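Dear colleague,

Here is the structure I promised to pass on to you. Please look through it first, and then read the notes below, which set out what was found.

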Amino acid sequence: MPFIDSKITGKVSDDKKEAIKTKLGQAVSVLHKSETFLMVGFEDNYDLYMGGNHLEQGAYVSVSLFGDASSEDYEKMTGEICKIYEEELGIPGNYIYVTYHGIHDWGWNGRNF
């Protein structure tokens, strides 16, 4: 039950969103999850500041998942996310923040897991 939410500076085309979504669907296996229940969200044209400076290119990516993963798995996923966003959007890894949120009560379709 992962949800990957991205806040991205600049406009992201539908084609790029589709490409990123597809690559995230493959990468989520690093966290021992499948694309079956993966939800992905994008918020583009988002103002981000780092070190007091407005970023022309940057992203904040929040990964929520049912349960937890190991620190090693999270680190691998960060590498995958940075690679995807650099390949697809040209955002360098040092302008991407990634956070992880393990969720122990997750609802879907009128019930909780």
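Helices (H or I, at least four residues) and strands (E, at least two) are taken as DSSP runs and are numbered from the N terminus. This is a predicted model, in which local features need pLDDT of at least 70 and side-chain atom pairs count only at pLDDT 80 or more, while totals for chains, interfaces and linings use all residues. Residues are numbered from 1 along each chain as its sequence is written, and side-chain values use heavy atoms, with hydrogens and water left out.

Overall fold

The protein chain has two helices and eight strands, arranged along the sequence in the pattern β-α-β-β-β-β-α-β-β-β. Taken along the principal axes, the box filled by the C-alpha atoms is roughly 40 × 30 × 25 Å. Among contacts (heavy atoms within 4.5 Å) with a separation of 6 or more, 81% are between residues 24 or more positions apart.

Core

Of the 113 residues, 37% count as buried, where buried means under 20% relative accessible area, exposed over 50%, and partly exposed in between (1.4 Å probe, protein chains only). A nonpolar core is a set of buried Ala, Val, Leu, Ile, Met, Phe, Trp, Tyr and Cys residues joined through side-chain atoms within 4.5 Å; the largest one has 24 residues, and those with the most contacts inside it are Val61, Val63, Ile81, Tyr85 and Ile96. Strand 1, helix 1, strand 5 (59-66), helix 2 (71-89) and strand 6 (96-103) each supply at least two residues of this core, with helix 2 giving the largest share, seven residues. Leaving aside neighbours within four places in sequence, Val63 is in contact with residues including Phe3, Leu31, Ile81 and Val98.

Salt bridges

A search of the whole structure finds six salt bridges, each being a side-chain nitrogen of Lys or Arg within 4 Å of a carboxyl oxygen of Asp or Glu. Glu43 pairs with Lys7, the closest N and O atoms being 3.1 Å apart; this pair links distant parts of the chain, with Glu43 in strand 2 (residues 39-43) and Lys7 in strand 1 (residues 3-8), 36 residues apart. Asp44 forms a salt bridge with Lys11 at 3.6 Å between the closest N and O atoms, and here Asp44 counts as buried because its relative accessibility is 17%, whereas Lys11 is exposed at 62%. The side chains of Glu18 and Lys21 meet in a salt bridge (3.0 Å, N to O), and because these two are three residues apart in helix 1, they are separated by about one helical turn. Lys16, Lys23, Glu87 and Glu88 are linked in a network of salt bridges.

Surface

The protein chain exposes about 6,500 Å², of which carbon and sulfur atoms supply 48%; accessible areas come from the Shrake-Rupley method with a 1.4 Å probe, and for residues only the protein chains shown count as cover. Phe37, Trp108 and Phe113 make a nonpolar surface patch of about 290 Å², patches being made of residues with over 30% relative accessible area and no salt bridge, with like charges joined within 9 Å and nonpolar side chains (Val, Leu, Ile, Met, Phe, Trp, Tyr) within 5 Å. Phe113 lies in the segment after strand 8 (111-112) and counts as partly exposed, because its relative accessibility is 35%.

With best regards
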